[in-house]
Amino acid sequence: MPVRICGIGKGIPAKKVMNDELPASLETSDEWIKSHTGISSRYIVDENGSSATLGMSACKDALKDADRKGFSVKAEDIDLIVCATAAAEYWSFPSNACLIQKELKASKSAAFDISAACSGFIYGLQVARSLMLQMKYKYALVVGAEALSKISDWNDRSTCVLFGDGAGAAVLKNDDTFEESFGSFVLGADGNGCDSLYLGKEDHHIHMDGRAVYSFAVGKMAEIIETLLKKENLTIDDIDYVVCHQANERIIQAAAKRLNYPMDKFVLNIADYGNTSSSSIPIALVDMEKDGRLIPGKKLLLAGFGAGLTWGGCFLKW
Ligand code: ACO
């Protein structure tokens with residue numbers, strides 16, 4: 001039974017913070033942040049906001065989008081909600097997915113969170129897809145939802161300037177009459193890298209060995225893209241866009257250079273949003289559809305990496 005994405009949506013906080021508006025005590029600059037990361041601004045939740053509230057907005061937006069596209073999916077039709085998050089509203093439980101289920105009144109759905117950091121949306125797509133096929137579920141929501149501002153150390157300029165808040169969601173439908181959207185997947189992890197990026201047990205802040213993550217990320221992005229092309233028996237010329245996790249513009253440029261692939265295949269939205277972890281890929285898909293780049297038939301590769309260390313990628317036909 002084929003599974004397709006039939007709606008996408010995003011939830012972005014109202015407050016946008018430009019590099020120049022970051023606290024002076026950080027002793028950073030627009031020039032340093034832009035030249036080292038490509039980031040110009042990020043969105044930050046207010047004190048009432050959380051990754052769950054952003055996730056709810058993204059899911060509602062995705063359901064509206066599905067409706068606009070002629071799939072009238074009601075919340076009560078949803079069989080499964082999978083939320084990828086590194087900064088859930090509650091420390092451990094209930095899951096963001098359950099909070100989203102309550103808000104949507106999606107009363108028949110199973111709901112749980114996935115912890116795969118920035119790779120979480122891709123892990124979530126494959127977990128949801130597999131459950132849909134195995135359990136014969138018809139509709140699922142997969143959402144990446146992050147409020148990284150809540151777990152950033154606002155005294156540490158080497159990390160806090162990198163992150164932003166936001167959520168992106170996809171409605172998946174399982175239907176015999178469809179052409180399958182998804183092709184090959186790659187999922188992986190190397191727990192030996194767990195010390196290079198983690199949430200402090202005591203301070204609940206992000207700690208990162210930036211250089212170690214950078215070199216891992218460049219190699220892994222290139223490897224995922226090559227592996228997916230090989231599995232699909234395609235070349236980069238067959239692909240319209242490569243949508244990588246947006247951690248640093250330089251990582252994406254270095255991966256493209258390593259592969260000798262043109263940068264115009266690679267989607268960038270980090271300038272506006274910063275690194276929104278599991279949300280960066282679905283937010284990019286929403287914006288690409290809005291600006292007309294993403295139309296039915298387009299062929300995409302998605303590729304992500306994150307804490308764990310984890311990575312994931314997939315081929316997707318829009
Ligand atoms: N403003 C000004 N100066 C800064 C800042 C800042 N915000 N941050 C660091 N510096 C300084 C440092 O203090 C250092 O100064 P020094 O040379 O006097 O000691 C200098 O800049 C260079 O610091 P580096 O850390 O070596 O800078 P680098 O060029 O490696 O860039 C960066 C740092 C951007 C973090 C890069 O290593 C990177 O992008 N790494 C990967 C990050 C990533 O992908 N993380 C994924 C996290 S996602 C998740 O799972 C939540």
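Just after helix 4, Lys 136 adopts a positive phi of about 55°, where helices (H or I, at least four residues) and strands (E, at least two) are DSSP runs numbered from the N terminus. This is a predicted model, in which local features need pLDDT of at least 70 and side-chain atom pairs count only at pLDDT 80 or more, while totals for chains, interfaces and linings use all residues. Residues are numbered from 1 along each chain as its sequence is written, and side-chain values use heavy atoms, with hydrogens and water left out.

Helix 4 itself covers residues 120–135, and its 16 residues should span 22 Å at 1.5 Å a residue, which agrees with the 21 Å between its end C-alpha atoms; the expected span is 1.5 Å times one less than the number of residues. Among the buried residues of this helix are Phe 121, Ile 122, Leu 125 and Met 132, buried meaning under 20% relative accessible area with a 1.4 Å probe and protein chains only.

An open sheet of 5 strands has the order 1-7-6-4-5 with mixed pairing, two strands being paired if DSSP finds at least two bridges between them. Strand 1 (3–11) and strand 5 (110–114) stand at the edges with a single partner strand each, so one side of each lacks a neighbour in the sheet. Strand 1 and strand 7 (residues 165–174) run antiparallel and are joined by 8 bridges, and Gly 7 has Val 171 in strand 7 as its bridge partner.

Helix 9 (residues 280–290) packs on the sheet and touches strand 1 and strand 7, contact meaning heavy atoms within 4.5 Å.

Notes:
Axes are lines fitted to C-alpha atoms, for helices over the stretch in contact, and angles run from 0 to 180 degrees between N-to-C directions. Buried means under 20% relative accessible area, exposed over 50%, partly exposed in between (1.4 Å probe, protein chains only).
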